Amino acid sequence: MHATTTAHEIRRLALEGALSIYTAADTKPRLSVALQGAIALEINLSGIGEFDCAGLQLLLATREQARRQDIELRLLGANAVVRELLTLSGLTDLLTDPEVN
């Protein structure tokens, strides 16, 4: 996971590898920290190689945390692995911007 911050506290985070039941517990605090003090957070999902329901649940929880803190959350670069589960769950439009992916 790589994070960068711009002058206006718009953070960019690239997730890589697995976002699954095996990594969700370790990834959750990193996402929470990335939200702290941000006005927006962009999460790049193009490096995800494994994605399951636990990863999906983590993204939904992060989306809710951002909403409660009035932080704009954008999920970018949903690759085929991510899009497949988003499509199966009916959450593609809810979690990603179709114009960006």
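## Helix 1 against helix 2

Helix 1 and helix 2 run roughly parallel to each other (angles under 35 degrees count as roughly parallel, over 145 as roughly antiparallel, 65 to 115 as roughly perpendicular and the rest as oblique). Their packing angle is about 20°, and their axes lie 10 Å apart. Axes here are lines fitted to C-alpha atoms, for helices over the stretch in contact, and angles run from 0 to 180 degrees between N-to-C directions.

Helix 1 makes the contact through Ala24, Thr27, Lys28, Leu31, Ser32 and Leu35. Helix 2 contributes Ala54, Leu58, Thr62, Gln65 and Ala66. Contact means heavy atoms within 4.5 Å.

## Basis of the model

This is a predicted model: local features need pLDDT of at least 70, side-chain atom pairs count only at pLDDT 80 or more, and totals for chains, interfaces and linings use all residues. Residues are numbered from 1 along each chain as its sequence is written, and side-chain values use heavy atoms, with hydrogens and water left out.

Helix 1 spans residues 24-35, twelve residues in all. From first C-alpha to last it reaches 16 Å, close to the 16 Å expected at 1.5 Å a residue. Helices are DSSP runs (H or I, at least four residues), as are strands (E, at least two), numbered from the N terminus.

The buried residues of helix 1 are Ala24, Thr27, Leu31, Ser32, Ala34 and Leu35 (buried means under 20% relative accessible area, exposed over 50%, partly exposed in between, with a 1.4 Å probe and protein chains only). They cover an arc of only 155° around the axis, so they sit on the same side of helix 1. The arc is taken from the directions from the helix axis to the C-beta atoms. These buried residues pack against strand 2 (10-19), strand 3 (40-51) and helix 2. Ala25, Asp26 and Val33 are exposed on the other side. Just after helix 1, Gly37 has a positive phi of about 80°.

## Thr62 in helix 2

Thr62 belongs to helix 2 (residues 53-68). Thr62 counts as buried because its relative accessibility is 3%. Leaving out residues up to four places away in sequence, Thr62 touches Leu31, Leu35, Ile43 and Leu73.

## Asp70 in the loop

Asp70 lies in the loop between helix 2 and strand 4 (72-76). Its phi is near 60°, a positive value in a residue other than glycine. Asp70 is exposed, with a relative accessible area of 71%.

Key. The expected span of a helix is 1.5 Å times one less than its number of residues.
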